[in-house]
Amino acid sequence: MPKVDLQHLQNMRSHFETGITQTYSFRKKQLLLLKQAVIKYEKEISAALYADLKKSAEEAYSTEIGLVLSELNLAIKNLHSWMAPKFVNTDLANLPSSSKIYRDSLGVVLIISPWNYPFQLLMNPLIGAIAGGNVAVVKPSEFAESTADIIEKIITEIFPYEYVHAVQGDGATVVPAMMQSFRFDHVFYTGSIPVGKAIYKMAAENLTPVTLELGGKSPCVVEADANLSIAAKRIILGKFINVGQTCIAPDYVLVHQSIKDELILKMKLSIEKFYTVDASTSYDYGKIINENRFDKLVSYLAEGKILYGGVHDKRILFFEPTLMDDVSLSSSLMKEEIFGPILPIISYNSTEEALEIIKQNENPLAFYLFTTNKKTEEQFIKSVPFGGGCINNADWHFTNHNLPFGGVGNSGMGAYHGKFTFDTFTRLKAVLKTPNWWDPFIKYPSFKGRLRLFKWIFR
Ligand code: NAD
């Protein structure tokens, strides 16, 4: 595979400009090829996810491979109708013209992904890029090495390198090298806020549009009227799947003071039920990605009282599911995205108090509320500006491809999944078509004396 230098990127642009990648038959064929390859390499992908994050085959399938296949199936099935230009109404001033919206391909796009769901967070945007008729450079995370290798292997095997190209290496080196020498037509970035800002700055130099899928602190509120047995199970699964290394995991729990003890008791029981009393030997419990992240997580343990867990072993990058109490709102545990298996539990006495605490970390990527009261539900949904979320659940909104997935403000911009991914990787192109058989003189100067008529037309 040739190096991705400026010449190669220009070759990719020339390839895009041939128009080959924009036909329906080409796009569909590539999506089918990708689907076949994912099926063919399912075992290798699963093994790579185990090597990088100790994900079980079942978890790898339900949180990565299966989601990719489901997005592929949706795109393959709907591509034709997604691509078709859509007629829209025409206003009176323009009648009898007709109005249509086309979906234009963007060109050469760059997709940058993180290590936590290293397969699907790269493949799902790539599906949209292909469906959109683009050519793509993809940059998997260097921290999920095995998955990056299998991604590169698949892409190299099925796609010509001037069509889709995988670039590996240190993101801080290879991404600026590309973005500063070449004008991409879109950058789709998933990762941390600081790097997201750096990407946004580089993109601004070329007025390149971006989608930023970032992180942040996602609150999980448990109201006094919640079904606690259900809440405990769903919060524990949402938090500790992938060892808490999930961008939309409940970052901290805000629980009504009156039910705090009961919720904690039920959460402890759920942890032991799901991961046994020794999670280090659990089939369903993975590992921390690397020593840097491990050390960071260990440092959080001093910032409160450990209610459950806290055991960790650097040799195997094991970090027990951990519940923490007495955590100060000004501690780094409550200011930074935890991104690991530590769940601070903060109590509140009124909805207003809960909302104030949430405000300390504006624009969460996700928001979860456990309540049986519809009014409370509406109040929180209206009051908290969050990307997406669940009522009486956690994380699962991500998997419904009929819901747009994305952040707001600090947690990012733009959205994808399902048809929304296609929309992200295409541009709306408006066309008004006017017939020649009717050409009223009132449309041409002099306009003198037609003010009343114009007021009526534009009423
Ligand atoms: P990261 O920002 O460190 O890395 C993400 C990607 O950016 C990697 O491919 C990396 O190589 C590249 N990169 C690193 N430094 C760069 C630089 N200076 N310039 C250009 N590219 C660079 O993020 P991460 O640690 O891999 O992922 C964790 C973060 O991602 C968390 O904040 C998490 O919330 C967020 N995340 C968000 C979503 C979402 O959908 N919103 C999903 C998963 C993870």
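Q: A salt bridge is a side-chain nitrogen of Lys or Arg within 4 Å of a carboxyl oxygen of Asp or Glu. How many salt bridges are counted between domain 1 and domain 2?
A: The count between these two domains is zero. Before going on, please note that this is a predicted model, where local features need pLDDT of at least 70 and side-chain atom pairs count only at pLDDT 80 or more, while totals for chains, interfaces and linings use all residues. Residues are numbered from 1 along each chain as its sequence is written, and side-chain values use heavy atoms, with hydrogens and water left out.

Q: What makes up domain 1 and domain 2?
A: Domain 1 is 6-214 + 409-430, and domain 2 is 219-406; such bounds come from an automatic or database domain assignment. The C-alpha centres of domain 1 and domain 2 lie 30 Å apart.

Q: How do you know that domain 1 and domain 2 touch, and how many residues are in contact?
A: Contact means heavy atoms within 4.5 Å. By that rule, 32 residues of domain 1 are in contact with 28 residues of domain 2.

Q: What area do domain 1 and domain 2 bury between them?
A: About 2500 Å², with 55% of it on carbon and sulfur atoms. Buried area is the accessible area (1.4 Å probe) that two parts lose on being put together, summed over both. On the domain 1 side, Lys54, Trp115 and His417 lose the most area to domain 2, together 23% of what that side buries.

Q: Which helices each supply at least two residues of the side of domain 1 that touches domain 2?
A: They are H3 (42-53), H4 (57-83), H5 (120-131) and H14 (419-424). H4 gives the most, with eight residues. Helices (H or I, at least four residues) and strands (E, at least two) are DSSP runs, numbered from the N terminus.

Q: Why is Asn116 called buried?
A: Buried means under 20% relative accessible area, exposed over 50%, and partly exposed in between (1.4 Å probe, protein chains only). Asn116 has 2% relative accessibility, so it counts as buried. Asn116 sits in the loop between strand E3 (108-112) and H5. Beyond its neighbours within four places in sequence, Asn116 is in contact with residues including Leu53, Asn242 and Phe339.

Q: Why does Met83 also carry the label buried?
A: Its relative accessible area is 18%, so Met83 falls in the buried class. Met83 is found in helix H4. Leaving aside its neighbours within four places in sequence, Met83 is in contact with Gln22, Thr23, Tyr24, Arg27 and Phe422.

Q: Is Gly389 buried, exposed or partly exposed, and what makes it so?
A: With a relative accessible area of 28%, Gly389 is partly exposed. Gly389 lies in strand E16 (residues 388-391). Neighbours within four places aside, Gly389 is in contact with Phe367, Tyr368 and His397.

Q: What makes Lys40 and Glu157 a salt bridge?
A: Their side chains meet at 2.8 Å, N to O. This pair links distant parts of the chain, as Lys40 is in helix H2 (residues 24-40) and Glu157 in helix H6 (residues 145-158), 117 residues apart. Lys40 is exposed at 55% relative accessible area, whereas Glu157 is partly exposed at 42%.

Q: How do you know that Lys153 and Glu44 form a salt bridge?
A: The closest N and O atoms of Lys153 and Glu44 are 3.2 Å apart. Lys153 lies in helix H6 and Glu44 in helix H3, so the pair ties together parts that are 109 residues apart in sequence. Lys153 is partly exposed at 37% relative accessibility, and Glu44 is partly exposed at 38%.

Q: What makes Lys296 and Glu336 a salt bridge?
A: The closest N and O atoms of Lys296 and Glu336 are 3.1 Å apart. Lys296 lies in helix H11 (residues 291-300) and Glu336 in the loop between strand E13 (322-325) and strand E14 (342-348), so the pair ties together parts that are 40 residues apart in sequence.

Q: How many salt bridges does the rule give?
A: The count comes to 17. Arg13, Arg183 and Asp185 are linked in a network of salt bridges.
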